[in-house]
Amino acid sequence: VYKRQLLRNVKPSDIEERFFINDLVSKLSLGRSDGDWIDYLTQHGYISKSLEGGYDVKNLLALTSAKEIGSFSGFERKGIRLLSYKTPNKIEKPVEVSGARGYYSAFNNALSAIMQLVPAKEDFTGGLRNVVYDIPEIAVREILANAIIHQDFTDYSSGPVVEVFPDRIVVMNPGKSLVSADRFLDAPSRTRNVVFNDKMMLLGVCEKRGSGIDRAVDAIEQAGLPPHKVKMGEDFTVVTIYGPRKFGDFTKEERLWACYWHSCLCVEKNEFMNNASLRKRFKVGEKQYPQVSEVIRDAKERGMIKPLSEDQGNRNAKYVPYWY
């Protein structure tokens, strides 16, 4: 889709009128002012010289830098949609904002708009004022980027949708993930949009290796939040990030998945999960040792984790994900 011709034989002035060229070229050229923007866009495959003397514009330019992405055929519903709810359910009508820009041009604005809806408090460290969000910005950023990059562009009926509730953020995209829900963190990155992924990586929106999800899960853990939830259908992927809740308020499923993701993250860091590390993840003290042991036992019985060594002692036991 992104390689296809969008506009045929147009003038440079027409391209400047319909696309955010300056920001794109500034990033591609690393801020250098030398060189013609036409050369940069041609070199990177956004446009090509037409036989009639003008320029053919590829879909890739609209996906990254269109001023009105919905004005192009096939992309009418591809802008980022943001829906804000005042209550934890969908009974009341949400406030909706439909993004107009291409994804590179829209990304930072969309992220800022989402974070403005997330409850936050001020923290003063070293005399500096810092805003601490209930849901870490890095987690929202990486999951939003993931939804944009890996969506199915052949599904013209929708694009990325973000729903913000008082207690959670739900990020949806068309297209079933090519990676199973329980392997989001460790599996090699796979995408149906290789060229688009590479361009967005070059523009600083995503990581090629897939380390963005690692950072998202780590931020969720550091904040002591319930684990993210992944739901996949035949033609969609939904990731939910939850707001703060204490360990005692986690459901059994949330405790098990928190344990599983923690074991995955430990392995990614070349470490191994144990009772102490899981207590730290849950932000509970040593008195909760038995409760955390129960979570580990249930996760083992469910087949989500396994002992690092079959003959290890219980007190200093270490655990790894089932696939390790």
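**Angles, pairs and buried sides**

Guide: Start with Gln5. In strand β3, its bridge partner is Lys58. The model here is a predicted one.

Visitor: What makes β1 and β3 count as a pair?

Guide: The cut-off is at least two bridges between two strands. β1 and β3 (residues 55-58) have three bridges, in the antiparallel sense. Three meets the cut-off, so they pair.

Visitor: Where do β1 and β3 sit in the sheet?

Guide: The order is β1-β3-β2, in an open sheet of three strands. The pairing is antiparallel.

Visitor: Why are β1 and β2 called edge strands?

Guide: β1 (5-10) and β2 (47-49) each pair on one side only. The twist from one strand to the next averages 20°.

Visitor: How do you know that β6 and β7 pair?

Guide: Count the bridges again. Six join β6 (residues 120-125) to β7 (residues 128-133). At least two are needed, so this is a pair. The two strands run antiparallel. Ala120 stands opposite Tyr133 of β7.

Visitor: What lies between β6 and β7?

Guide: Two residues, and the strands form a hairpin. Gly126 is in the turn, with a positive phi of about 60°.

Visitor: Which residues of α9 and α11 meet?

Guide: From α9 come Lys252, Arg255, Leu256 and Cys259. From α11 come Val295, Ile296, Asp298 and Ala299. Five residues of this contact are nonpolar, three are charged and none is polar.

Visitor: What makes a residue of α7 buried?

Guide: Its relative accessible area must be under 20%. In α7 (residues 194-202), Phe196, Asn197, Lys199 and Met200 are buried, so each falls under that limit.

Visitor: What covers the buried residues of α7?

Guide: The cover includes α4 (59-65), α5 (103-115) and α6 (137-149).

Visitor: What comes just after α7?

Guide: Gly204 does, with a positive phi of about 85°.

Terms used. Residues numbered from 1 in each chain as written. Predicted model: local features only at pLDDT ≥ 70, side-chain atom pairs only at ≥ 80, totals over all residues. Heavy atoms only, no water. Contact = heavy atoms within 4.5 Å. Helix = DSSP H or I, 4+ residues; strand = E, 2+ residues; numbered from the N terminus. Nonpolar A, V, L, I, M, F, W, Y, C, P; charged D, E, K, R; others polar. Axes fitted to C-alpha atoms, helices over the stretch in contact; angles between N-to-C directions. Buried < 20%, exposed > 50% of the residue type's maximum accessible area, 1.4 Å probe, protein only.
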